[in-house]
Structure formats: C-alpha cells, structure tokens
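Work through the two exercises below. Each task is followed by a solution in steps.

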Amino acid sequence: MQTTELDPTLSQTLGNAEKNGLKLVIANKNYSSWSMRPWVAMTAFNIPFQEISVLLDRSDTTAQIAHYSAAGRVPVLLAGETVIWDSLAICEYLAEQFPEKKMWPEDVAARALARSICAEMHSGFTGVRSAMWMNIRAKFPGKGRTLDAQADIGRISEIWENCLALSGPSQYLFGEFSIADAYFAPVVMRFRTYDVVLAPALDAYVERVAAHPAVAQWIAGALAETDHIEKYDSYPD
Ligand SMILES: N[C@@H](CCC(=O)N[C@@H](CS)C(=O)NCC(=O)O)C(=O)O
C-alpha cells in the first residue's frame, strides 16, 4: 500500500478527514476510471478525505485491495467501521451523508434522470470501456472505434445533448456540477485521449468538465504519476 501525499489545497482538510474518518482507496489516477468518479465527486464537493492509493497490475495488487474490501475492486470508501465498495454505492452514501452539499440535482425529475444516466454508465458502455480504456497521459487519436464503441459514443452524445438542452449550453449536465458529471468525467478523459469528434456544444462540455478544478486536479495527479501499465500505454494496430 502506498499512501499518497494530498495536494496542499486539500491537505488543510486532512484534520477534518481524520475527524470524520473518511478514507478513499483508489488506484492509479492515469488508468482507474472507476476510482476517478468518487474522488472527483468528493473533491468537487469539498468533502474531506484521506487518499489511499493501490497500484494496479502489480504482483501484490489483489492482496493490497483485499486489506480493504473482499470484493477485490477499488474504489473503496472507509467511513470509520463502515466499508462501502463500488463507485455508485460510494456516491449514494456520500449524497446521503452530506445532504447539504446537494450532490444530486434538487429537482426530483432531474435527480431521477441523473441517477438513470449514472446507472446506465455503471452497467453499460462496455464498447467504449473495452476498446477505449482510460489513459489520461496517452494520445490514441482515431483508435478504438469498434462498432460497439461507436454505438456507445452515439448514446453518450445523445445523453449529453438531452441534459444540456434542459440545463443550458454553458452548464454542466444538471446545471451545477453534480455526481452525474463526476460519473462521466472518465468518458471525457477518453474522448480527449482518442480524439472523438463531437458536436461543438458537446466538445465545449468536454472542455468544461476537464477544466473543473476537481477534474483538473485528478489530471495533474495522473500526469505526475510515474507508474506505467505497459499493456495500456500503446494501442495495437
Ligand atoms: N463497478 C465497480 C468497478 C470497479 C473496478 O473494476 N475497479 C478496478 C480498477 S478501475 C479494479 O479494482 N481492478 C482490480 C484489479 O485490476 O486487480 C465500481 O463501480 O467501483
């Protein structure tokens, strides 16, 4: 296990993190799309936490993750004695514990839509996930356009268009940044890595999410990492 130094802007919150006991176990920022979601959500909503990093694809990765969760996957949120695994369960737990943060949209219909698109992301889009893995440091323009990935890109574009049509062209998916944007942030990373051509309004959304301070901080962390997973660092012809 490696405990990562928190960014100075976050470290001021460490005292609070120790008090409320939240620890988020994540994997490599460059590659771990599932880790990115709750980390970005917690950072964006200024929820203090201590970050624990486990590196993927190492001989001891499975054993290290097993210290925290029998499910064998990260992210894992440790809240005192309570262990929450799986990115969506973590986001739901946080939204419930910090209602004042309004991590989901306030309007009931918008919240239902936000939950639906997060669930769709969580259980689907395997075309994009398998052919266009997340590698923030890499550039793979035009790669990974399998039929399934193209269908997923079309559906993701449709979701974003529908949400932005309701929230406004210069907004996040539900106006203010929400769990839904954190949930699609790894897709934003992939669209940048693989140079996916989008309508101008969706391109602008991609850049808006990438520039969000919490996302920018995750990207900076990914760029600063020195660990490499070779199989994800080049794209086979
Ligand atoms: N559905 C899970 C997926 C978690 C997942 O697949 N995590 C990967 C890292 S991105 C993992 O822990 N892999 C363990 C390994 O490669 O040994 C979630 O939403 O948290």
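**Exercise 1. Determine the handedness of the crossing of H3 and H9, then describe the geometry and the contact.**

Step 1. The crossing of H3 and H9 is right-handed. The model is a predicted one.

Step 2. Locate the helices. H3 covers residues 33-44 and H9 covers residues 179-193.

Step 3. Take the geometry. The two helices pack at an angle of about 130 degrees. Their axes lie 7 Å apart.

Step 4. Classify the angle. Over 145 degrees would count as roughly antiparallel, and 65 to 115 as roughly perpendicular. H3 and H9 are therefore oblique to each other.

Step 5. List the contact residues. H3 brings Ser33, Trp34, Met36, Arg37, Val40 and Ala41. They meet Ala182, Tyr183, Ala185, Pro186, Met189 and Arg190 of H9.

Step 6. Sort them by class. The contact of H3 with H9 has nine nonpolar residues, one polar and two charged.

**Exercise 2. Describe the largest pocket: its volume, its lining and the elements that contribute to the lining.**

Step 1. Start with the volume. The largest pocket holds about 630 Å³ of space.

Step 2. Turn to the lining. It consists of 25 residues. Nearest the centre of the pocket lie Ser32, Trp34, Leu56, Arg73 and Val74.

Step 3. Assign elements. H3, helix H4 (61-66) and helix H12 (230-233) each give two or more residues to this lining. H4 gives the most, with three residues.

Step 4. Sort the lining by class. It divides into 12 nonpolar, seven polar and six charged residues.

Step 5. Link the exercises. Trp34 is in the H3 contact with H9, and Trp34 is also among the residues nearest the pocket centre.

Conventions
Residues are numbered from 1 along each chain as its sequence is written. This is a predicted model: local features need pLDDT of at least 70, side-chain atom pairs count only at pLDDT 80 or more; totals for chains, interfaces and linings use all residues. Side-chain values use heavy atoms; hydrogens and water are left out. Axes are lines fitted to C-alpha atoms, for helices over the stretch in contact, and angles run from 0 to 180 degrees between N-to-C directions. Helices (H or I, at least four residues) and strands (E, at least two) are DSSP runs, numbered from the N terminus. Angles under 35 degrees count as roughly parallel, over 145 as roughly antiparallel, 65 to 115 as roughly perpendicular and the rest as oblique. A crossing is left-handed if the near helix is turned anticlockwise from the far one by less than a right angle, and right-handed if clockwise. Contact means heavy atoms within 4.5 Å. Ala, Val, Leu, Ile, Met, Phe, Trp, Tyr, Cys and Pro count as nonpolar, Asp, Glu, Lys and Arg as charged, and the others, Gly among them, as polar. On a 1 Å grid over the protein atoms alone, a cavity is a set of points where a 1.4 Å probe fits but cannot get out, and a pocket is an open set with protein on both sides within 12 Å along at least five of seven lines; lining residues have an atom within 4 Å of a point. Grid points are joined across faces, edges and corners, and a volume is the space filled by probe spheres set on the points.
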